[in-house]
Amino acid sequence: MTGSAIQAMGSELGPQVLEQCRALFDVEQQALAERLPVSQADIAYGPEARHRLDLYRPEDQDSATPILVFVHGGGFLKGDKGGADVWPNANVGRMAAQAGFLGVVINYRLAPDHAWPAGAEDVAAVVTWLRAHAADHGGDADRIVLAGTSAGAVHVAGYLDQSGDRDIRAAILLSGLYGYTPLDARDMLYYGEPALYPDRMPKEAVVATSLPLLVACAQFDPPRFQAEFLGLMQDRLARHGTMPRALILPGHNHYSLPMHLGTADRRLADEICAFVRDTTG
């Protein structure tokens with residue numbers, strides 16, 4: 001039923017589709033929020049107002065656990081980590097805690113006030129904070145996996161571009177833009193003029209990295225995002241002789257891909273959790 005409702009929405013983006021997707025998962029996600037409240041909210045990882053993160057700790061934790069960091073989307077211009085009363089994005093931290101990981105969901109600086117490479121710098125600041133403080137919250141700072149969706153995936157890829165593969169074990173990229181398709185006019189608010197785009201996109205970093213990658217897109221992602229996924233698959237195959245772990249998730253769109261994590265639809269969640277275990281074990 002959910003899949004047919006998402007199919008009927010098509011591949012368009014916009015606030016109306018976003019709200020329709022949220023309504024599909026609201027009952028399940030509200031119940032999950034009641035079972036798994038935030039462990040600690042609005043921890044400062046840097047000096048700016050948006051430098052805040054929330055922690056979701058697993059129940060019955062008796063040893064340091066892998067850390068899954070989630071970076072929300074929002075087209076570089078908006079978005080929020082959610083929390084007690086707003087479940088989108090927070091649901092990914094709760095899914096991580098369900099799986100026995102320390103879930104970390106972050107906010108970061110937004111365009112147009114903060115342009116490239118602010119997002120990647122903020123992801124790096126989160127990693128630095130976790131390296132220093134994760135043990136105080138039950139996390140193993142030597143077992144960090146970064147995950148992002150849409151603009152968040154771009155910032156995770158940008159972290160690989162700016163910081164290399166030090167300090168983290170793996171990266172998960174959901175419906176990201178890496179540099180295979182032309183610049184959208186709106187993206188100029190983050191990247192600057194089109195002439196700067198080729199040098200600022202993280203394409204080479206995600207193609208070249210030796211870090212384990214899990215790359216996903218949705219069946220009903222807009223064509224641009226699907227082309228980015230396919231371009232990365234082709235380049236990884238040419239460079240490494242094999243593709244990274246990857247999937248195209250049937251019955252989902254750009255918004256529902258992260259929104260459904262933590263619900264009874266376990267297909268993507270199981271892939272993510274298996275990937276984290278495999279790369280941090």
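Modeller: Pro-117 lies in the loop between strand 4 and helix 4. The peptide bond from Trp-116 into Pro-117 is cis, with omega near 5°. Pro-112 is placed in the loop between strand 4 (102-106) and helix 4 (118-133). A cis peptide bond links Ala-111 to Pro-112, and omega there is about 5°. Most peptide bonds are trans, and most residues other than glycine have a negative phi.

A word on the basis. This is a predicted model, where local features need pLDDT of at least 70, side-chain atom pairs count only at pLDDT 80 or more, and totals for chains, interfaces and linings use all residues. Residues are numbered from 1 along each chain as its sequence is written, and side-chain values use heavy atoms, with hydrogens and water left out. Helices (H or I, at least four residues) and strands (E, at least two) are DSSP runs, numbered from the N terminus.

Now the phi angles. Asn-89 is not a glycine, yet its phi is positive, about 80°. Asn-89 sits in the loop between strand 3 (65-71) and helix 3 (90-98). Its relative accessibility is 16%, so Asn-89 counts as buried. Buried means under 20% relative accessible area, exposed over 50%, and partly exposed in between (1.4 Å probe, protein chains only).

Ser-150 is not a glycine either, and has a positive phi of about 55°. Ser-150 is found in the loop between strand 5 (139-149) and helix 5 (151-163). Ser-150 counts as buried because its relative accessibility is 11%.
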